[in-house]
Amino acid sequence: MEAKEIIEKLNALFPDPKCELDYKNNYELLVAVILSAQCTDKRVNIVSKELFKEYNTPQKMLTLSQEELEEKIHSCGFYHNKAKNILSMSKSLIDNFNGEVPNDLTQLQSLAGVGRKTANVVYSEAFKGDAIAVDTHVLRVSNRLGFVKTDKTYDCERGLMEKFDKKDWGKLHIQLVHFGRYICKSQKPLCQDCPFKQICVNK
């Protein structure tokens, strides 16, 4: 199946896909993506709704001690590292970027707690940049549909970038997340609802 046809089928399934993390500014998005590691978007939205009522800028976040922040984000898991990274990242934004989230993948990855996936999500979502963020859903779906054959997120990202046009990357990665979350699930995939049955390596 050609890339163009795959894009058409994904557009039919998810014509206007949206990031499912709730945020009101770029800083909130960055914090939410850091919190989402090994955690569901639903849980992050519950936690961040309360957190962002008072702490939705780097300056406000830094009024919290690490222990206070850990208590607020505890239910997201890995709260010790996440709190440490969020505070360090917030300080870096103030010291190096005038308190603003940078519109640059390399600069984003210079921040504590921001790896390639997080940087790609923020770059694509906040700045409409051309990037493909590979999470567990994207990795699973890309292997099942034969787009790539790898368990490494970076290799998966490169493979998708080679297969699909740059203009489609930002929308594609959200579509693949939704496809993996709601149709091509890890357990009990809804194969009867899948338009890609003929290319699935698991059929």
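The model toured here is predicted.

**First stop: the second largest pocket**

Select Pro 17, Lys 18, Cys 19, Ser 124, Glu 125, Lys 128, Gly 129, Asp 130, Lys 167, Gly 170, Lys 171 and Ile 174, which line the second largest pocket. The space in this pocket amounts to about 190 Å³. H8 and H11 each contribute at least two residues to its lining, and H11 gives the most, with 3 residues. Colouring the lining of the second largest pocket by class will show 3 nonpolar, 3 polar and 6 charged residues.

**Second stop: the largest pocket**

Next, select Ser 36, Cys 39, Asp 41, Lys 117 and Asp 135; of the 31 residues lining the largest pocket, these lie nearest its centre. The largest pocket holds about 740 Å³ of space. Display H2, H6, H8 (116-127), H9 (136-144) and H11 (169-182), each of which supplies at least two lining residues. Here the largest share of the lining, 6 residues, comes from H11. The lining of the largest pocket comprises 12 nonpolar, 11 polar and 8 charged residues.

Select residues 79-97, which form the 19-residue helix H6. From its first C-alpha to its last, H6 reaches 25 Å, close to the expected 27 Å. Within H6, highlight the buried residues Lys 82, Ala 83, Ile 86, Leu 87, Met 89, Ser 90, Ser 92, Leu 93 and Phe 97. As a general point, residues three or four places apart in an α-helix point the same way, because there are 3.6 residues a turn. Against which helices do the buried residues of H6 pack? Their partners are H2 (26-35), H4 (58-61), H5 (66-73) and H7 (105-109). Just after H6, centre the view on Asn 98, whose phi is positive, at about 55°.

**Last stop: the aromatic pairs**

The structure contains 2 aromatic pairs. Select Phe 147 and Phe 164, an edge-to-face pair with centres 5.5 Å apart and 80° between the planes. Phe 147 belongs to the loop between H9 and H10 (153-163) and Phe 164 to the loop between H10 and H11, so this pair ties together parts 17 residues apart in sequence. Phe 147 is buried at 11% relative accessible area, as is Phe 164 at 3%.

Then select Phe 179 and Phe 196, which also form an edge-to-face pair, at 5.5 Å centre to centre and 85° between the planes. This pair links distant parts of the chain, with Phe 179 in H11 and Phe 196 in the segment after H11. Phe 179 is buried, with a relative accessibility of 0%, and Phe 196 is buried at 0%.

Key:
Residues are numbered from 1 along each chain as its sequence is written. This is a predicted model: local features need pLDDT of at least 70, side-chain atom pairs count only at pLDDT 80 or more; totals for chains, interfaces and linings use all residues. Side-chain values use heavy atoms; hydrogens and water are left out. Helices (H or I, at least four residues) and strands (E, at least two) are DSSP runs, numbered from the N terminus. The expected span of a helix is 1.5 Å times one less than its number of residues. Buried means under 20% relative accessible area, exposed over 50%, partly exposed in between (1.4 Å probe, protein chains only). Contact means heavy atoms within 4.5 Å. On a 1 Å grid over the protein atoms alone, a cavity is a set of points where a 1.4 Å probe fits but cannot get out, and a pocket is an open set with protein on both sides within 12 Å along at least five of seven lines; lining residues have an atom within 4 Å of a point. Grid points are joined across faces, edges and corners, and a volume is the space filled by probe spheres set on the points. Ala, Val, Leu, Ile, Met, Phe, Trp, Tyr, Cys and Pro count as nonpolar, Asp, Glu, Lys and Arg as charged, and the others, Gly among them, as polar. Rings of Phe, Tyr and Trp (its six-membered ring) pair if their centres lie within 6.5 Å; planes under 30 degrees apart count as stacked, over 60 as edge-to-face and the rest as tilted.
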